[in-house]
Amino acid sequence: MCDKSGYDDFMLKEIHEQPQTVIDTLKGRVLPDTGKLYISELTPLESSVSDIERILVLACGTSWHSGLLGKIFIEKYAQIPVEVQIASEYPNSDLTLNKDVLCMCVSQSGETTDTKNAMQTAKKLGGKIVAVCNVIGSSMAREADYAIYTYAGPEISIASTKAFMSQAVTFLLFALWLGEKRKTIDNNTVSAMLNELLNLPEKIRRVLKTEKTVKETADFYKNTGHFIYLGRHYNCPIAFEGALKLKETTYIHSEAYPSGELKHGPVAILDENFPVMIFVPAGKANDKIFSNLQEARARGSKVIAVMSEISRNDRPESDHQLYIPDCNEEVSPFLTVVVAQLFAYFTAKGLGKDVDKPRNLVKSVLAE
Ligand code: M6R
């Protein structure tokens, strides 16, 4: 039986559960005695990993965003090309597959009709199907060739939060597992990344402690009619996820772009009435994103920068700053997403919206 455990809403409760979500997704997969990676569900796949030619990820909504992040991890660590498709578009594809194309069908509920249809299409076309689901025994998990569970526990709020976290962690584990088996990464890289994941719950707790500042920032912007979210590389999927969270909980018009795309058109709509949330954690992409930030400010937009604590003193260009703890850039999206979730939540609360049940939406979309 699920209750709100003293929180005002399931969404806030589920945001706060994320340190535990990470622990649960890692449980039994990072072996405590050896620190080694083990994913029992994938053992039957082991003998054919070197044959995988490409990976196709099929999903909708938030699960699609986790797939975008998964692509970055898999291509980096396992050197396999990954295509991420919106599930409802996939049945229109004319491309035949073969058993060396691994189709990862991602769904919190495991019941979303569009993703199920896409999975069935991919199966008919000859692909090998892996379902990545949260709900144990869901129909997608049963129908797939292999199922990987994400172990987020029950998610009640329609706006998905901890399910995203568990999918993203699962994708990183999967990428490391694949890289290890295909010998595209060394043991030190695997250990270093597993360590980053083991330290993640504490870092998420530190982000949650910044809740008051996020709420004040949300209160400042809550009456805006529009928002643009920008991010690069690891944080591009977070821009998409942040914009989705804001629009579904607040009904504010919000769009997201890879930040380099701003100058190719979207910059035209920026002015003092069009604020920007930009993800600029420390890392390789940092300098380029800062120049995108300056570009937005030059057009009169107010800018919220979600940045690393280490940059606290040297990057004062934005109007508001929200911080994440310093971390390896690969895990920064696991922290910036929490800021984006809290921002959407507090904006919605400030506007008096029913955050757990936004209008026109349901938890599992069974319509096509
Ligand atoms: O259960 P699924 O992961 O298949 O659901 C997919 C989307 O319907 C879902 O993520 C939706 O976008 C959420 N409301 C987002 O918060």
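**Figure 1. The side chains of serine 66 and glutamine 167 are joined by a polar contact of 3.1 Å.** A polar contact here is a pair of N or O atoms within 3.5 Å; within protein, one atom must be able to donate a hydrogen and the other to accept it, and residues adjacent in sequence count only if both atoms are side-chain atoms. The model is predicted: local features need pLDDT of at least 70 and side-chain atom pairs count only at pLDDT 80 or more, while totals for chains, interfaces and linings use all residues. Residues are numbered from 1 along each chain as its sequence is written, and side-chain values use heavy atoms, with hydrogens and water left out. Serine 66 belongs to helix H3 (residues 61-78); helices (H or I, at least four residues) and strands (E, at least two) are DSSP runs, numbered from the N terminus. Serine 66 counts as buried because its relative accessibility is 0%. Buried means under 20% relative accessible area, exposed over 50%, and partly exposed in between (1.4 Å probe, protein chains only). Beyond its neighbours within four places in sequence, serine 66 is in contact (heavy atoms within 4.5 Å) with Val106, Phe164, Gln167, Ala168 and Phe171.

**Figure 2. Serine 166 lies in helix H6 (residues 162-181).** With a relative accessible area of 0%, serine 166 is buried. Not counting residues up to four places away in sequence, serine 166 touches Thr21, Thr25, Thr150 and Ala152. Serine 166 and aspartate 24 are separated by 142 residues in sequence, and their C-alpha atoms are 8.5 Å apart.

**Figure 3. Helix H2 (residues 18-26) has buried residues at Gln18, Pro19, Thr21, Val22, Thr25 and Leu26.** These residues are on the same side of H2 because they cover an arc of only 160° around the axis; the arc is that of the directions from the helix axis to the C-beta atoms. The buried residues of H2 pack against helix H1 (10-16), H6, helix H7 (187-208) and helix H11 (332-350). Glycine 28, which follows H2, has a positive phi near 75°.

**Figure 4. Aspartate 24 and lysine 27 meet through their side chains in a salt bridge (3.4 Å, N to O).** A salt bridge is a side-chain nitrogen of Lys or Arg within 4 Å of a carboxyl oxygen of Asp or Glu. Aspartate 24 is partly exposed at 23% relative accessibility, and lysine 27 is exposed at 56%. A search of the whole structure finds 18 salt bridges.

**Figure 5. Lysine 99 and aspartate 100 form a salt bridge between their side chains (3.5 Å, N to O).** Lysine 99 is exposed, at 56% relative accessibility. Aspartate 100 is buried, with a relative accessible area of 17%.

**Figure 6. In helix H8 (residues 211-221), lysine 212 and glutamate 216 lie 4 residues apart, about one turn of the helix.** Their side chains meet in a salt bridge of 3.2 Å, N to O. An α-helix has 3.6 residues a turn, so residues three or four places apart point the same way. Lysine 212 counts as exposed at 62% relative accessibility, whereas glutamate 216 is partly exposed, with a relative accessible area of 44%. Elsewhere, salt bridges that share partners join Lys13, Glu17 and Lys162 into one network.

**Figure 7. Strand E6 (residues 226-231) is mostly covered, with 5 of its 6 residues buried.** E6 pairs in the parallel sense with strand E7 (residues 253-258) over 6 bridges, and glycine 231 stands opposite proline 258 in E7. Two strands pair if DSSP finds at least two bridges between them. E6 also pairs in the parallel sense with strand E8 (residues 276-280), over 3 bridges; here tyrosine 229 stands opposite methionine 277 in E8. A right-handed β-α-β unit is made by E6, helix H9 (residues 236-250) and E7. A crossover is right-handed if, with the strands pointing away from the viewer, the path from the first strand over the helix to the second runs clockwise.

**Figure 8. Histidine 233, in the loop between E6 and H9, has a positive phi of about 50° although it is not a glycine.** Most residues other than glycine have a negative phi. Histidine 233 is partly exposed at 33% relative accessibility.

**Figure 9. Tyrosine 151 is a residue other than glycine with a positive phi, near 55°.** Tyrosine 151 is placed in the loop between strand E5 (146-149) and H6. At 34% relative accessibility, tyrosine 151 counts as partly exposed.
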